[in-house]
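Please keep the sequence and the model open while I talk, and look up each residue as I name it.

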Amino acid sequence: MTQHPAPGRRTAAKGALLAAAAILLGPAAARATARPAARAGEPAVLRLPAPTGPHPVGLRTFVLTDTSRDDPWVPGTGVREVKITVLYPARTVRGRPRAPQLTPAEAPYFAELAPLVRPGLPAAGTVDWGATLTHGHIDAPALPGRRPVLLYSPGGGDSRTLGTTLAEDLASHGRTVVLIDHPGDASQVELPGGVRVTVLRGDPDPATFRTMIDTRVADIRFVLDRLGSLPLASVMDLDRVGVYGHSAGGTAAVHALAADDRLAAGANLEGYLDLDPLNGFDRPLLMVRTDGFDGVERLERSWERLPARRVLLTGSDHWVFTDHAFLVPQLQAAGLVTAEARAALIGTADPAAAVDALRRGTRSFFARRLSAPVPPARGRGASQ
């Protein structure tokens, strides 16, 4: 297998800038504030909100290797690596440290990428991105009992870590949540061979977008194949599995739901559904959009014939579905993001209402739809 070592600092920054320049894909917790810098000019430190459920959250990370297919972004390797984080209700978190949102190796890449991937975010050196902690406790012992499983695919060009707070909230309410990174598409992801950055250059043409979605669907199905062999398999009810995703991840989630009978229900957080016809689609589906998204006309056209529960988040924009809902207001309060940039990223309203609606709506939808095992199979199962 070809390894992808991390480049030196100068090369890393240059590579990250080149990669990022073209990635264009599209309650009280939200009021958390950044810790002020100890001295003028010191990078700000941001906080993520605590989950609202009764259970503390454990966290384990795995890199899975699929030897049955080639990586489409690095042809010739003969394998496809996929990184996942599993969040779960913990029996205890005593003595178990909280995991950082980004690893020490990933944080410098994200610092360079952030203002280019999402215009309006602050320049490198103004935020200590490596200091942001999640509420997932590393290797905490799991609370006994089998629980429903939810798989998450992030937005195009995003890494799985930007979906941390919604996933932690779901886990704190008794779900096992699997965050999936899609290397080569994700902005940055640390693998055994080093940090791998995105190959995307510009707004993807139809062929590139097709490769992205096909690869993501294959990644989701491969992760499904491997769940039963993970050390945490004993706390997963693999007869009750759902999938959700944001933007391109929402597109992939719906196509995976249509293709694989092991998935019982799905949620699409503002992802287009005009890649392929979804004739005969018959799985429970939640679709959520904002009123600020500039692709709303295309989005609505692509959704119109699909049976689903629909929810509208008002005063919001596309990145309110991610951890930016919590991070951007802190950056604005610290003087590092303008009101205009905030509006373009997460909308003009206080994100607390949107975040609360998203958390409650997602929890209740999957609670209803995963209360019983998946319906009888229609012949679409394990990935080939």
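Predicted model: local features only at pLDDT ≥ 70, side-chain atom pairs only at ≥ 80, totals over all residues.

Glu270 is buried and yet has no salt bridge, and the nearest side chain of opposite charge, that of Arg289, is 5.8 Å away. Buried here means under 20% relative accessible area, with exposed over 50% and partly exposed in between, using a 1.4 Å probe and protein chains only. A salt bridge needs a side-chain nitrogen of Lys or Arg within 4 Å of a carboxyl oxygen of Asp or Glu, and for charge Lys and Arg count as positive, Asp and Glu as negative, while His and the chain ends are not counted.

Residues are numbered from 1 along each chain as its sequence is written, and side-chain values use heavy atoms, with hydrogens and water left out.

Glu270 sits in the loop between β10 (265-269) and β11 (285-290); helices (H or I, at least four residues) and strands (E, at least two) are DSSP runs, numbered from the N terminus. What lies 2.6 Å from a polar atom of the side chain of Glu270? That is the backbone nitrogen of Thr290. If we leave out residues up to four places away in sequence, Glu270 touches a set of residues including Val288, Phe293, Trp303 and His318, where contact means heavy atoms within 4.5 Å.

Arg175 lies in the loop between α3 (164-172) and β6 (176-181), and a polar atom of its side chain is 3.4 Å from the backbone oxygen of His173. Among the residues that Arg175 touches, again not counting those up to four places away in sequence, are Tyr88, Pro148, Leu170 and Arg363.

Because 9 of the 9 residues of α3 are buried, the helix is largely enclosed by the rest of the structure. Just after α3, Gly174 takes a positive phi of about 100 degrees.

How values were computed
Polar contact = N/O pair within 3.5 Å; in protein donor to acceptor, adjacent residues only side chain to side chain.
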